[in-house]
Amino acid sequence: MINRIVDHPVLGKLTNQKLVNFTFDGVTYKGFEGDTIASALLANGIRQLRVHEETGAPRAIYCNIGHCFECRVTVNHAQGVRACMTPIEKNMIVESGKLQATPFESAPEEWPRTYAEFEQKNKGKKVGELHV
Amino acid sequence: MYDVVIIGAGPAGLSAAIACRESNLHVMVIDEFSKPGGRLLGQLHQEPNGEWWNGIKETQILLDTAEKLNTEIKCGVSAHHIEKVEHGYAIHTNIGVFDTTNLLIATGAAETAVPIPGWTLPGVMSIGAAQVMTNVHRVRVGKKGIVVGVNVLSAAIARELQIAGIELHSMALPIANTVTKKHADPKHVMDGLVRIAHLAPSAFLRFGSKFAKSEWVRDIAVKFYPKGGVKMWGMPIHIRKAIVQINGTEKVESVTMCDITADGEVIAGSEKTIDVDFVCIAGGLYPLAELASVIGCPFQYVEELGGHIPVHNEQMETPLKGLYVAGNITGIESAKVARAQGTLAGYSIAKNHAKIQQAMRDVKAVRESASIQFHPAIVEGRERIQRSFLEYENAQ
Amino acid sequence: MDQTIICRCEEVSLHDIQHTAATYNCSAREVKLRTRAGMGYCGGRTCRPAVDAVLEAATGEKAGHDIPMKVQPPVRPVSLSVLGGEVK
């Protein structure tokens, strides 16, 4: 935990912190008991928590007090969990928010009218890529 | 079935719970965060008398008192809807629906966004976010940063970051656009700056604060504002420089800073790139009143208090029977005022008439002795809200 | 064209809002419906005051005493498993 403020001139020294293991995108990290997912990850130097579902732009905490939902991640397979409000727990599985397929890439007048047209238009594309 | 449910375990909510428990009411306090204390937890500053105001300690004092009175406090509980029902209110939360006769909404404030290009990059956060990371979680938000937005709150938190050993390049204004207008206007910002001059050893600002009421002196101060900024606690505060862009691809790498005129316009060719790995955005606070809005409480827009305020009287009652408000939802002020308002709201809910008058005097006394004033016309704003409560009552 | 993002959730730019407000002479509610500003995950908590400011500049619509972009329950996203809770 490279970013920990262990010694603080007014608030004092952090002592007797219990370590908690959790994973983020498959990698195991250690945080302190009482850490939120966001604080534990930032303590380990991890800023980015997700990408914007539609544009893929990288995102991290913004308000850190539960208002903005920018830090939403998937926790133990439940989506839309705020990393800034959720305390880490032993063996918690945290996954970053991913890019989602945009259903409508083209203008409505270019949309396929039949399934055959749809298949023709999307030949060679994989699941998760932009369609239509 | 509760006598009172209190939403928000900050200084207002906890103080109200204590006052209600003194009269043995059946009370439950809920809060979204995993620890009680609200925004009080992150606060850390030196009072003009030299004593430290430590939010964690202040919270603990409230919690100890609440615990002695067997107060039920549930954390990690978030309210998403409130319904008016026959006997009172039904509070819908992530752990179930709670019925209560009285409801106190003490949800505090949210930070006003200051949108500038690049502000969605990882490493850009609200100034309050940095405060919580630093003082509550004890995590360094970066190696070197810059604060965009100069106001009472950002100056206080910038100082907290500095105390924790986090390097700040400076504080500067956001680039002017339709939204950032006020925050990007050097004259407006100067008005705010002179109000906090007594807190920092800066000869320039102290000098300025003596003439705070004179507009032409202020304009001269803005015009001749030092190029290198005015230093507060050794950190340059710029009101003639603006951040026009936050740069980076995956995260913050630098910011582009420009000189601006006394009216906030960018001086062409003055761009400078400053390497930073975090940026704190500071647009001040506005009352977080969405739950009051959902139940249909009437509002007044009062700029002096920070935005849309639920109509309420001096005893913290709203026009809706059994609905009370306290703390920053009633106007942006210090945690000490919130605490005093919470106590008052608690006595009002408990109908503890012997103590209400004194609690009302306490709120006023705390307000008058505040070392930081968020707005110079708070008292006038408060009077407007109370007048509109009376108008509302008379209309019924 | 100012591409500064105003609504972070839906990535709506200052230009999007100004252009929509100017083209349709919109109310706050109409701007929200046309651009999706304020309709994302956070429910407008982050961009609400900013959208109000853009509208005031574009259409002269001042924030009145009512909250301009109406607040609707739920004020937080709710999972289906939470709904159907019992009264305690």
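In what order do the elements of chain A run from the N terminus on?

Reply: Happy to! Keep in mind that this is a predicted model. Starting at the N terminus, the elements of chain A go β-β-β-β-α-β-β-β-β-β-α. That makes 9 strands and 2 helices.

Now for the overall shape. The radius of gyration of chain A is 20 Å, while the globule rule gives 14 Å for 132 residues, so chain A is more spread out than a compact globule. Along the principal axes, its C-alpha trace spans about 65 × 25 × 20 Å. Of those 132 residues, 33% count as buried. If you take the contacts in chain A with a separation of 6 or more, residues 24 or more positions apart account for 47% of them.

Let's zoom in on one end. Met1(A) sits in the segment before strand 1 (7-8) of chain A. Is Met1(A) buried, exposed or something in between? It has 19 other C-beta atoms within 10 Å, so it counts as partly exposed; a buried residue needs 20 or more. Setting aside neighbours within four places in sequence, Met1(A) is in contact with Lys30(A), Ala43(A) and Asn44(A). Glu54(A) is another story: Met1(A) and Glu54(A) are 53 residues apart in sequence, and their C-alpha atoms are 32 Å apart in space.

Next, the partners of chain A. In its contact with chain B, 28 residues come from chain A and 29 residues from chain B. On the chain B side, strand 4 (52-54), strand 9 (109-111), strand 10 (124-126) and helix 3 (127-136) each supply at least two residues. Helix 3 of chain B gives the largest share of that side, with 6 residues. Sorted by class, the side of chain B that touches chain A has 14 nonpolar, 9 polar and 6 charged residues. Chain C touches chain A too, with 7 residues of chain C meeting 8 residues of chain A. The chain C side of that contact is made up of 3 nonpolar, 1 polar and 3 charged residues.

A compact globule of 396 residues would have a radius of gyration near 21 Å, and the 22 Å of chain B agrees with that. Its C-alpha atoms fill a box of roughly 65 × 45 × 40 Å along the principal axes. Chain B has 11 helices and 21 strands, and 57% of its residues count as buried.

So what's inside? The largest nonpolar core has 179 residues, and those with the most contacts inside it are Leu104(B), Val148(B), Val279(B) and Ile6(C). Helix 9 (residues 335-349) of chain B provides the largest share of this core, 8 residues. Val148(B) touches several residues beyond four places away in sequence, including Ile116(B), Pro174(B) and Val279(B).

Helix 9 of chain B also has a neighbour: helix 1 (residues 11-22) of chain B packs against it at an angle of about 30°, with the axes 7 Å apart. The crossing of these two helices is right-handed. The residues that meet there include Leu14(B) and Ile18(B) from helix 1 of chain B, and Gly342(B) and Tyr347(B) from helix 9 of chain B. By class, the residues of this contact divide into 13 nonpolar, 6 polar and 1 charged.

Methods. Residues numbered from 1 in each chain as written. Chains lettered and ligands numbered in written order. Predicted model: local features only at pLDDT ≥ 70, side-chain atom pairs only at ≥ 80, totals over all residues. Contact = placed C-beta atoms within 7 Å. Helix = DSSP H or I, 4+ residues; strand = E, 2+ residues; numbered from the N terminus. Nonpolar A, V, L, I, M, F, W, Y, C, P; charged D, E, K, R; others polar. Rg over C-alpha atoms; globule rule 2.2 N^0.38 Å. Buried ≥ 20, exposed ≤ 12 C-beta atoms within 10 Å, placed from the backbone. Core = buried A, V, L, I, M, F, W, Y, C linked by C-beta atoms within 7 Å. Axes fitted to C-alpha atoms, helices over the stretch in contact; angles between N-to-C directions. Left-handed = near helix turned anticlockwise from the far one by under 90°.
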